[in-house]
Amino acid sequence: MADQTTTQANDAAVVAGDTAAAGTIDAASGAGAAVAADGAAGDRPVKIVGIVCNWCSYAGADTAGTGRFKQPPNLRLIRVPCTGRVDPLFALKAFEKGADGVLISGCHPGDCHYSEGNYYARRKFELLERMIHHLGIPKERFRWTWVSASEGQRWQQVVTEFVAGVEKLGPREGRAL
Amino acid sequence: MRIGVFVCHCGSNIAGTVDVDRLAERALTLKDVVHGEDIMYTCSEPGQAAIQKAIEEKKLDRVVVAACSPHMHEPTFRRCVDKGGLNPYLFEMANIREHCSWIHTDMPVATDKAWDIIKMAVAKARRLEPLFSNEVEINKDVLVIGGGVAGIQAALDLADAGLKVTIVERETTIGGVMAKLDKTFPTIDCSACILTPRMVDCGQHENIELMTYCEVDKVSGYVGNFTVDIRKKASMVDWSKCIGCEICVQKCPSKAPDVFNVGLEPTKAIYIPFPQAVPKRAAIQTEYCRYFQTGKCKVCERVCPADAIDFEQKDEIVQKRFGAIVVATGLDVFDWETGYPEYGGGKIKDVISGLQYERMLNASGPYGGHVHRLSNGEDPKTVVFIQCVGSRDESVNRPYCSSVCCMYTAKQALLTKDHCGSDVEVYVFYIDIRATGKGYEEFIKRVQTEFGVKYVRGRVSKLYEDGGKVMVRGVDTLLGEQVEIAADLVVLATGIQAPEGAKDLAQKLNISYDEFGFMKEGHPKLRPVETNTAGVFLAGVSQGPKDIPATVAQASGTASKVLGLLAKDKLKTSPMIAIVDQKNCVSCWKCIDVCPFSAPEKQEQRDGTFKSHVIETVCQGCGVCVATCPVNTISLKGFPTDAILDQIEEVLQPTPSH
Amino acid sequence: MSRQDHIREFAAQALADGRVDYFIGWKQGYNSSEVVPAFVKDPADVDQLIWTPLCHHNLVTFIKRNMPDPADAKIGLCVKGCDSRTLVALLQEELVDKEKLYVVGVPCDGIVDRRKLEKEFADELVDIAFPERGRVVVTTGKGETREFAQDDVLLDVCGRCRYPNALYADDVAGPLEAEPDREESGPDWSDIADFENLSDDEKQAALERVYATCIRCFACVHVCPVCVCWDKCVNRSREPELVAQKVGAKENLLFQMIHMFHVAGRCTSCGACDRACPVEIPLYLLHRKMNKEIYDMFGFEPGTKLDEKPVFQLFDLATDHFGD
């Protein structure tokens, strides 16, 4: 019943039509949407915002530091008490402000210092991840995971892998979000 | 606003990779920063004095210290600024050591990153507000989980100091693994002679309540005010009547595996683990009891002189309140049968675990201390010990050292010579000898030289039966050749692993544990017996493998920490909790839905409407409600949303490259 | 008796009995091509209430905006199937008091999309008539008259309707409409497939293009029946400032994402925001996608069962394996 004459279908067609053009020619087209291709922001080092819970992942990053597990220098951590305190909008805010990647990490399920915080968080993060892809932010630019206080090596591995993935895409600028 | 930024060299720990002088100077370019200073060791006395001096002279109203992790020194610096006349919560830490200098090698890169970290901390500092602690009453009773030597020591120390202690032990008796041991290294003194008087002390102490055959079901509350549900498992024996006479055990017709004797010989379905058990009470293992399996028997009921048998008994939940909890859950022995199929996987009768051998050696064990071959009862002529079975072996996911096996193997080797005569051949296959305690190395030397135990450096690749012997095939890495020994008895130095259920318990207590199930201490050096959950402490092997001297020392350390905590009558609560700005509350109650602690409540307003209110003493400061509130009218003190947004914004400001 | 007659009778009765203080329905707008919400307090005024395929307003929006003030008002209202889901969503969270409501369910065979009709004509519409079921006759100011099949000019949401009858009602205005077999087929998400199939760069370009036109009038959040922020919307907060007040594609998109996350698990894709948008931003792209993912994650359709809770206010250890 949703045929081609309907308003929403029209919108979709408008959207799809525009971008079919925009996707191939980007900002230079003038007429189309002025969004830079992902990763087209030159060769500055990528900057990644990390949001970690105090008890597990922040401490896991500490453990990695104490163990001198070398990591790429692109990550900037924000400490919060619990992943349950992380509003998914923080990640979107970071992208809006120009983050090249966002990493969220907390306690493994069952290990939350507050018992349940990460159980709520993981539902939100899963939706956030799916929506971020829908917004045209490549999936390599967002990751959420669990790292415990004792997993220094795992922290090193998570950071190294994530940064490598973001670096492969390059820095981003001039994007809608 | 007047912010002071102090950048720590930490000797060369930070200054070796980060240009701290330049950062201290550059901090002055940040908005509101009026003081920038680099200090060799900021946590030292002169370092703290410098902060206090700057607070006074420069009239600082916020302090940022760029140094190590806040997990390391946040409390130190909060105290420091407090003494300097500033509210302790107007302090923020920039972690440029663990999160920067220690993980990077290139100075310009690390300095750029440290600069970002400092900028973020300053951005957060601008949003900090003075916070004030509340005081709550504390319950001074202590729960000790686990009745092994660690739990016994901690309980006795605490009880002697006047605190009421409850020991919860899942077996019917306290004593733990130490009660199973024959002798202890390096003194070869009798384990029971040391332990059983302590067990009796526990049983008779006016301040100690023993809750054996019990388990912790549920834990709620917080430091000073824990509520714990304890499950009293049905023993089918009324312990208020049982006198521990063992007549029921003698008469019981059903056999059952004997956990205490590590399965060497069966016990009865109704059992008392060992004669010195405390409390000495019988319990029925219903899965082996003839009555419970067939509905007929009741011999125990008939013979019991105290009329204590109660076949209708059910598990019971007892709720108790405590101010502090000590986790002393001990260990399990590595399950070598599944881990090492190359050693026969339990099918070769004359291959036994170290703990089984301990029971065999024990004069009050199932064989009265007679060392013999389980296959034919003969005295062994050649005994081989294999070390590191379930330790230092990544192939069985036990990369860690169990820390006791070198020594107990040496002890058992010595005792073998002692029991079987000096002409018995004793070999020990080892990787390295770890004998780091007082008198340990000397003991090993004595076993090697005085008792003639032959140490072979190398692993055993295979055990198999041949001609009535256990063939031990391995390698001597010092000689670089294959070795094959025809043994009569092989004893595996089985390692230590976290006990079954350790992770479950850790989750109930909200404490961290490592991938092997050992509980994680607050800090390996600074807070070795505390956990990251206030009011929960560790003792013994629950925290990691250790021997009896270390366990007892740690248990006493834990007891002193608990005493320190409970010496106060009131406890200061963390002011870093959620607070509702009621003028914007839309009464959607999502905060109530998600709070793990039931801290938010509906509070009636003057106009008869209801708005959310967070009960201060219940809130633990996780912030789940804050992230859930659609109008952002709940804020988390110490981690306000605007601070997080400012940190995001600050770090994403384009920085001119180094 | 027509559905309209039923509505008038139920409303008159409830008002006369004192069961409600006022009754919310629909009435004709400034001409017969338009319908607006009606608030009737006097039983004598029930004749203004109408029921036509132009009654698109989700009247639940008005009860969420008026509760809890006046705290003791008893309210009657009409709900279509789609509207009833938003009411159920509010009831799930006890955001409205069941005891103070009188709900008349109006079985619905599809609402006409007036915007689609407008696009067919250069001139303004003065009359839209429904001479019989399925026929739509449109007359313009200049007297041009054309007829359409109702199915051709329905709102898109109606084309995918799974709930033509109210899920929660005290009384029902006439016989129920035929229900689709919901067991057999899940929700139809084909409307967002085109967008989903775009590349990341194309999506970004499309969003930039579309959201640049947003004027931040907040009509979408005002009309949203499940948004509980009322006038406290965090979108307008400066401390904390989740989104800048600047009107730009990034900020506008972020503003929509804030709204979206705040109604996650409660948004029923009723389409009210879409219809309210004066610059015709296809807001459904985000909301429908969100609901698709929530359905995929939890098998959850918001606002369909009274005894459920929105999925982001709870967790289930047995079935949640996200991130494992």
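**Entry 1: one Asn in chain C.** I started with Asn235(C), which has a relative accessible area of 0% and so is buried. A reminder to myself that this is a predicted model. I found Asn235(C) in the loop between helix 8 (219-223) and helix 9 (249-262) of chain C. What does Asn235(C) touch, leaving aside its neighbours within four places in sequence? I noted Phe218(C), Val243(C), Gln245(C), Phe255(C) and Ile258(C).

**Entry 2: the sheet in chain C.** Next I traced an open sheet of five strands in chain C, with the order 2-1-3-4-8 and mixed pairing. Strand 2 (35-40) and strand 8 (171-172) of chain C each have a single partner strand, so they are the edges, and one side of each has no neighbour in the sheet. Then I checked strand 1 (residues 22-28) of chain C against strand 3 (residues 75-79) of chain C: they run parallel and three bridges join them. I wrote down one partner pair, Tyr22(C) with Ile75(C) in strand 3 of chain C.

Two helices went on the page as well. Helix 3 (residues 81-92) of chain C packs on the sheet and touches strand 1, strand 3 and strand 4 of chain C. Its direction makes about 130 degrees with that of strand 3 of chain C.

**Entry 3: chain A by itself.** I counted five helices and four strands in chain A, and read along the sequence they go α-β-α-β-α-β-α-β-α. Of the 177 residues in chain A, 64% are buried. For contacts in chain A with a separation of 6 or more, I get 79% from residues 24 or more positions apart.

**Entry 4: chain A against chain B.** The contact takes 48 residues from chain A and 50 residues from chain B. I have about 4300 Å² buried between the two, 59% of it on carbon and sulfur atoms. On the chain A side, Arg76(A), Arg79(A) and Arg85(A) lose the most area to chain B, together 16% of what that side buries.

Arg76(A) forms one with Asp116(B), with the closest N and O atoms 2.7 Å apart. Arg76(A) sits in strand 2 (residues 75-80) of chain A and Asp116(B) in helix 5 (residues 107-126) of chain B, so the pair joins two chains. Arg79(A) pairs with Glu74(B), the closest N and O atoms being 2.8 Å apart. Are Arg79(A) and Glu74(B) buried or exposed? Buried means under 20% relative accessible area; Arg79(A) is at 11% and therefore buried, and Glu74(B), at 13%, counts as buried too.

**Entry 5: chain A against chain C.** Here the contact takes 54 residues from chain A and 63 residues from chain C, and the area buried is about 5400 Å². Four salt bridges turn up across the interface of chain A and chain C. I looked at Arg123(A) with Asp320(C), at 2.8 Å from N to O, and both residues are buried. Last, I noted a network of salt bridges whose members include Glu126(A), Arg130(A), Glu196(C) and Lys289(C).

Key: Residues are numbered from 1 along each chain as its sequence is written. Chains are lettered from A and ligands numbered from 1 in the order in which they are written. This is a predicted model: local features need pLDDT of at least 70, side-chain atom pairs count only at pLDDT 80 or more; totals for chains, interfaces and linings use all residues. Side-chain values use heavy atoms; hydrogens and water are left out. Buried means under 20% relative accessible area, exposed over 50%, partly exposed in between (1.4 Å probe, protein chains only). Contact means heavy atoms within 4.5 Å. Two strands pair if DSSP finds at least two bridges between them. Axes are lines fitted to C-alpha atoms, for helices over the stretch in contact, and angles run from 0 to 180 degrees between N-to-C directions. Buried area is the accessible area (1.4 Å probe) that two parts lose on being put together, summed over both. A salt bridge is a side-chain nitrogen of Lys or Arg within 4 Å of a carboxyl oxygen of Asp or Glu.
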